[in-house]
Amino acid sequence: MKMKKFIAVCSIAGMLAAAVTGCGSGSTDSKDSSASEWDSSNDITVVSREDGSGTRGAFIELFGVQEEVDGDKVDMTTEGAQITNSTSVMLTTVAGDEYAIGYVSLGSLDETVKAVKIDGAEATAENIKSGTYKVSRPFNIATKEDLDNEVAEDFINFIMSEEGQKVVSDNGYIPVDDVKAFEGTQPSGKAVIGGSSSIAPVMEKLAEAYKEVNPNAELELQTSDSTTGMTSAVDGSYDIGMASRELKDEELSQGLKATVIATDGIAVIVNKGNPTEDMSTEQVKSIYTGEALSWDEVTE
Amino acid sequence: MKSKAWTEKFMQGVFFIAACASVLAVALICVFLFANGVPAMKEIGFVEFITGKMWKPNNDLYGIFPMIIGSLYVTAGAIVFGVPIGILTSVFMAMYCPKAIYKPLKAATELLAGIPSVVYGFFGLVVLVPWIREFGRTLKQAGITDSSGNGSGILTASLLLGMMILPTIIGTTESAIRAVPEHYYEGALALGATHERSIFTIVIPAAKSGVIAGIVLGIGRAVGETMAVIMVAGNQTWIPESLLKGVRTLTANIVIEMGYATGLHREALIATGVVLFVFILIINFSVALLKRRSEHE
């Protein structure tokens, strides 16, 4: 009797497992036919970055998802939002789910997803510069106030020069205005740069361009995150720290000096199968605060 | 003779130091975790930290109850999918398998253990998530559920974890079954039991403690798994209402937010690590208990 029971339990469990995978594989066959049908009554898949991320911080502030309650700023992002801590997962999720919405740095935007216009303005470097596309954030570098590394100083001068800012704009970011031509002192030595993974790609290009101007210098780029970048700049393991957000007061009070080296736009992305082209700030906000749960509620 | 005694002593010392390294590592991790995590727990309030349902670090709300529930749900799901398949596979490998199939089968299960978890995660993200999403939407259209979910959630994470714990369960269970003395099985046959009956009523009950140890080790792996789960679980900090909804596990909570956390937020994440550590301690303790019991039998 016992054996029969055991076999019965096992077979039920096995059947359950088979049923789930069976349903799954069955429906992929129909996926191709349903891909073209857009059903706006389906739930929106809201994808957001993790709490504390520079991209998320800028996004919630600019779209008004952050509200002030009793003097405290409260992040009103809906609890139902899927959270990821990587840009590639964000892009893969939105590219694979017709009803998804997410946001990425303009420099990371690729062909697999569609960036929507916000209040009629397309997410391009020109529109951010002219101010018609309002969703942007600063890229900061931070150094200690008493920095005594000639290479690091010279490199910062390079970044803040015409040559350096050209690299910034070539990579899809928005350069800083009012810069002069670069006058290098050709120091030799080594500087360590580290921090935000959002800034790292453009910093790598800047370092390459700088090495052509000054072959004496050795630059080492380490990628981690904004907070590590700042704490390491304070304790001296990085000469230059990178942060894709504004510096916090507690970081500034530890003797850090911030310089904005570029501005980055944040693109709101949807799946390519999504017919939505243009959204208002209010509509994006209503999705991220959880007021609108399906696409037909947004477009109404 | 004298020099020999000296080298003997010396090498003994070397072995002793090597043995101490792992103990020291565990001790250091313990000290680090508790020294950093416990003050944060005190500051937040121990009860609020464990039972609080709101996790909003920006507003100083640190409740990890949703994450504890998340870890439990996902692990339970992994057991539901992984244990039956794992046990039946090991029974097949130990008692039924023709020699020609055995080698490739064994190699395949071992390879399964060697795949990096981020690869599992990417597989889940690209293959499993769309399946479950379509499954959820079909269910919603049929009116069975109110919300379809979006593919990332408990069900997806459970399926993936179930797959990931297979090698642990298969390996331990197979060796447990093989360790049962041959005459148990032969005795059952001699008494007139069929092949199946001998296996399921004599051999497996005799290997019980090894099988359970395998399951518990699998649970340990499932609780501790991070990368793969982050990519397919959705990571919402709520208590999910259905299997299709997203969850965040304890491990995911730490990894996702560690990069940007400062101050109390960072300490709260380390305190999450303390809770996780206690979970793992309980699991290891129960494995030790099972082993001791099996030795007595």
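## Annotated spans of chain B

In chain B, residues 152-177 form a span that is 92% helix and 0% strand, with end C-alpha atoms 37 Å apart. The model is a predicted one. The unreviewed UniProt entry lists residues 152-177 of chain B under the feature "transmembrane region", together with residues 64-97, 109-132, 198-219 and 268-290. Over residues 64-97 of chain B, the chain is 94% helix and 0% strand, and the end C-alpha atoms are 46 Å apart.

The unreviewed UniProt entry also gives residues 68-287 of chain B as "domain: ABC transmembrane type-1". Across residues 68-287 of chain B, 79% of the chain is helix and 0% is strand, while the end C-alpha atoms are 21 Å apart.

## Nonpolar cores

The largest nonpolar core contains 130 residues, and those with the most contacts inside it are Val74(B), Leu160(B) and Val232(B). Helix H6 (residues 154-179) of chain B supplies the largest share of this core, 14 residues. Chain A takes part as well: at least three residues of the core come from each of domain 1 (45-136 + 266-299) and domain 2 (138-264) of chain A.

Which residues does Val232(B) touch, leaving aside its neighbours within four places in sequence? Its contacts are Gly121(B), Gly124(B), Leu125(B), Leu128(B), Val129(B), Ser152(B), Thr156(B), Ala157(B) and Leu160(B).

Chain A is divided into domain 1 (45-136 + 266-299) and domain 2 (138-264). The C-alpha centres of these two domains of chain A are 28 Å apart. Where they meet, 11 residues of domain 1 of chain A are in contact with 15 residues of domain 2 of chain A. On the domain 1 side, H2 and helix H4 (125-130) of chain A each supply at least two residues. H2(A) gives the most to that side, with 4 residues. By class, the domain 1 side has 4 nonpolar, 6 polar and 1 charged residues.

Helix H2 (residues 54-62) of chain A has 7 of its 9 residues buried, so H2(A) is largely enclosed by the rest of the structure. The buried residues are Gly54(A), Thr55(A), Arg56(A), Gly57(A), Ala58(A), Phe59(A) and Ile60(A). Just after H2(A), Gly64(A) takes a positive phi of about 75°.

## A buried strand in chain A

Strand S5 (residues 100-105) of chain A is largely enclosed by the rest of the structure, because 6 of its 6 residues are buried. S5(A) pairs with strand S1 (residues 45-49) of chain A in the parallel sense, over 2 bridges. In this pairing, Val46(A) stands opposite Ile101(A) in S5(A).

S5(A) also runs antiparallel to strand S12 (residues 256-270) of chain A, and 5 bridges join them. Here Tyr103(A) stands opposite Val268(A) in S12(A).

## Where chain A meets chain B

The contact between the chains takes 40 residues from chain A and 42 residues from chain B. On the chain A side, the elements that give two or more residues are helix H1 (2-35), strand S3 (72-75), strand S4 (82-84), helix H3 (87-96) and helix H8 (226-235) of chain A. H1(A) gives the most to this side, with 14 residues. By class, the side of chain A that touches chain B has 12 nonpolar, 17 polar and 11 charged residues.

Technical notes: Residues are numbered from 1 along each chain as its sequence is written. Chains are lettered from A and ligands numbered from 1 in the order in which they are written. This is a predicted model: local features need pLDDT of at least 70, side-chain atom pairs count only at pLDDT 80 or more; totals for chains, interfaces and linings use all residues. Two residues are in contact if their C-beta atoms, placed from the backbone, lie within 7 Å. Ala, Val, Leu, Ile, Met, Phe, Trp, Tyr, Cys and Pro count as nonpolar, Asp, Glu, Lys and Arg as charged, and the others, Gly among them, as polar. UniProt positions are given in the numbering used here, feature names are shortened, and annotations may be inferred rather than shown by experiment. A residue is buried if 20 or more other C-beta atoms lie within 10 Å of its own, exposed if 12 or fewer, and partly exposed in between; C-beta atoms are placed from the backbone. A nonpolar core is a set of buried Ala, Val, Leu, Ile, Met, Phe, Trp, Tyr and Cys residues joined through C-beta atoms within 7 Å. Domain bounds come from an automatic or database domain assignment. Two strands pair if DSSP finds at least two bridges between them.
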